[in-house]
Amino acid sequence: MRIRWLFITLIVLTAVIAISGALAAPGRAQVTVPTAQVTVPTAIDKPLYAPGEVLVQVSPTVDQNRLFNLCLGLNLEVASPLSLENTYLLKIKDGRPVPDVLEDLRREPGIAYAGPNHYRYLTATPNDARFNEMWGLKAINMTRAWDIQKGKKDIIVAVLDSGVSPTHPDLASRLLPGFNGMDGSGNFADDVGHGTHVAGTIGAVTDNGLGVAGVTWENVKILPVKVGGASGIPVSAIIEGIKWAISQKANVFNCSFGGPVENPLESQAFEDALKANILVVAAAGNDSNRPTLAPVNFPAALKGVIAVAASGPDNLVAFYSCAGSEVSVTAPGGSGLNGNNSATEILSTYWDTITKTDTYAALTGTSMASPHVAGVAALLLSEGAAPGEVRGLLETTATDIGAPGKDNDTGFGLINVYKALSEIGALIVIEKPAQNAQLGHIRPDIRARVDNFDEGTLKLYFNADPSADPNARPVDPGQYNYNTDTKILTYTAPAETVGRHFVIIEAKKGDKLKRIRRDFFLTPHLQPSGRTMFSVPYGLAEKMVRPEDLLGTTLFKLYRFIADPDEAALGQYAKYVPGASDPTSPASFTPKRNPADPLTTARIHGQTIPAGSEVSLTVPAGLGYWLDLKTGVEIPILVDGKPIEDQAYDLPLQSGWNLIGNPFTFPVDWSNVQVEYQGQSLTLTNAVSAGWLTRTLYRLVNSSYLGYNTPEGQLMPWEAHWVHALVPCTLVVPPVASTGAVRSEGTASRAVNMKSDSWKVQLSVRAGAASDVNNFAGVSSRAADGPDISDMRKPPMMAPYVSLDFVHSDWGRAAGAYMEDIRSPLNGSKIWNFQVATDQPNADVVISWPNISRIPGKYRFTLEDVDTGRKVFMGTQAAYTYNSGARPASRKFRLVARLSASESLMITGLNAAPARGQGTVLSYSLSGDATVGVEVITLTGKVVRKLASGAQSAGMRSAVWDNRDARGRNVPGGSYLMQVTAVGPDGQVVRAVQPATIR
């Protein structure tokens, strides 16, 4: 897909800052601070994007191995994966211009997006104002608002900005540990001053006799997220900051930065925040110069973001404030007309970059307006407003200061905090579904918390809107349940079709009507055709318990692995054939309970299966399958059944391999799973240490296994996963969705950072359509030569297959097949024995080693076919091929790694000259001992004569050709090639060719 270039112009209002004395409480001496001067480049001086960097997002079908090979070909390197799925920051190694690199990337299949690493810029700059008074708080009615609400401690406002000074006395007690999106560290110190100013408007400590007051008087915490500095804010840092702040459970984002053109990757990250019910507040931008207007910047212009315009002390829109239909409300931002008059600027905390001190400053811009709204949003949440209510409260209670009604300059008007807080009467919080949730089941469950309302005023509407249709009829109260003790309303809607649906809940408190709407979608899961490891994250209704009813086709086969209790490493596959298999057979969706097949008793944690019950109440949730779907197209699946959403789920395991399914419709972090055994309950990490199970979770990605060692890895919905237990134990999977981006690299990602004493050789094998690509032999300073946590087992395969296994029968309890075999560092040489097996007869089996060129050059690798004795030097040959034969059997190989003090074998100094008399003398130099052969060939590659061959030592060597062919005839005059082939002791093969002319 070809993406147009996205250009960013700057939105900085260039100004100068004047800093005055701190505000003193009555009876206290006034503190005077020096004036600071900050020079800011003009718009035309600032780059649009980071030089030497590009952002790419690849299709889900592109594994990281392919990306690295692509980067090698284009002279790029992967600087880091970003928190958006399948998204990476790439570095340009050869200094080419960014547009040229993007043009190359966009030609490549599998590149879903390629674009520059745009810079965003802060939407306000210092302008040397004096400190006098905080007129902005009075303009929005804060003093009356604090009588209602001052802030609660469980509310977090993330400040995505230039950082925050961690030492400012008016802020330090309100700060949480922060994050640096540019380098991934915890260093959030401000090197501009802008972020400290923004944070002070939101949450400077109030009523402490020092400095300034914040919108949130007390308790509300500020989460500093540094995403840039004076030179700009790269989108890559914004993405990392957003994803981290989501993981920290922030309630509100303040974004006092922007650019005039949307960046799709940045938009994806903000969309994730909005889906997490985070309120995103952003500055509209400072590009206008009224009467000339400029459009609202991004991210403020994104759907769902609260875009804030700026007003001056006269309560009129500021001349610089951007305009557009996206503007939601206006807040004090300053007029910027009197550089040394604090009465026209916004006063707040500040970090002086010149004197390196914590101080106070008055600044102007929509950057200053946005944190007023972010702070008010925190107060509304503290008062009990649901996240979905906040925007409406801000807009409906705003004071109209522009054209009548909503306008493009001021939105709904200047925020009125007291009025907004006063509007919060009845409390209605729709807990599920989430706004715009994608539900995969046809009978959606509604759950809401409703309190503080007048009896008889509670109403629920489903797909009916009383505000738009006066004839809309509410749901009969007998069809839903309201618990007066817990204040929880629950309702299961009738079966619905694919598409958008909504629920409205309303109640009154006095004369105030509270009405909350929640939109959601019924969206089928799309199951890909072909072979997958499959699971169903639902307890199915009776009419859907047959697999063919759920899948809507009979063009499939279903398999389930049953561990062998007498042989922990083994097991067998049960098969379900549509229309032929019993509905309670082991591979069905409702297998009979079987002590030898403990997963058949998978259940909600603490649930007791009724005596005599043959089937668990929630199957097939928790069961893993192999699915061969033969339709050739994706199958949409919309379930009639119940998801397991807010209760932990038990997955009983047998010793050995277990194929499990994620019981939830959302990803769950593997590291969050608990393990129970013999009455004890441990975290996954501690259970691994106790020897209850191995630490690896396995997925099938692109027809090959990927392994994830805790704390990596996620149980994915609609997928099955392999787990290897060492004792019969139970996994307790919590109903906690992963907060980080879903990663798909697994074992492949750990082959990336090669060091001189730590590396991995990737061994891939293919036979026909089957492949097994993620196998690694390597060394590490943290590994031992025997079994340890650096080694990774190989799960069972499914026919048809090809498999490459490091087999260790001598490892006792750890004996078995491995996909990663990591040893201690190499001092001389090491040997890895492995075997390749396939069930496909007469197939060409190809073993390759795609990452060998990235391993430090002092190592030499040889592949030995034990059955034939053939050796291949892996540095000069890309693959090894053999035929499986009519009766395929496993084939044994050895990988030999040697530490070589010498350079690679080379042939140099070739020269062909006439001999005395008749003939031609070829001279050459060998860098090491080798077996050498010399041939004379035509320009078309036909062999004319084979000359001397055999073992030769290093040094100058020669061969004489008498200008005759193999039959002793004089060759005709013309050009010939004299080719030297040398094979080193370790199998390394090198060739060199020298032209010779016969007259």
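Mentor: One term to begin with: two strands pair if DSSP finds at least two bridges between them. Keep in mind that this is a predicted model.

Trainee: Ok. How many bridges do S6 and S8 share, and in which sense do they pair?

Mentor: Strand S6, residues 156–161, and strand S8, residues 221–226, pair over 6 bridges in the parallel sense. Within S8, Leu 223 is the bridge partner of Ala 158.

Trainee: And which way does S10 run with S6?

Mentor: S6 and S10 run parallel, joined by 4 bridges; S10 covers residues 252–255. There, Asn 254 is the bridge partner of Val 159.

Trainee: How many residues of S6 are buried?

Mentor: 6 of its 6 residues are buried. Side chains in a regular strand alternate between the two faces of the sheet. In S6, one side has Ile 156, Ala 158 and Leu 160, the other has Val 157, Val 159 and Asp 161, and all are buried.

Trainee: Switching topic. Which residues touch the most other members of the largest nonpolar core?

Mentor: Met 142, Val 373, Leu 380 and Leu 394 do, in a core of 62 residues. Helix H8, residues 366–382, gives the most to this core, with 10 residues.

Trainee: What does Leu 394 touch?

Mentor: Leaving aside residues up to four places away in sequence, Leu 394 touches Ile 306, Val 329, Val 373, Val 376, Leu 380 and Ile 415.

Trainee: What about the second core, how many residues has it?

Mentor: That separate core has 50 residues, including Leu 540, Phe 556, Phe 589 and Ile 644.

Conventions: Residues are numbered from 1 along each chain as its sequence is written. This is a predicted model: local features need pLDDT of at least 70, side-chain atom pairs count only at pLDDT 80 or more; totals for chains, interfaces and linings use all residues. Side-chain values use heavy atoms; hydrogens and water are left out. Buried means under 20% relative accessible area, exposed over 50%, partly exposed in between (1.4 Å probe, protein chains only). Helices (H or I, at least four residues) and strands (E, at least two) are DSSP runs, numbered from the N terminus. A nonpolar core is a set of buried Ala, Val, Leu, Ile, Met, Phe, Trp, Tyr and Cys residues joined through side-chain atoms within 4.5 Å. Contact means heavy atoms within 4.5 Å.
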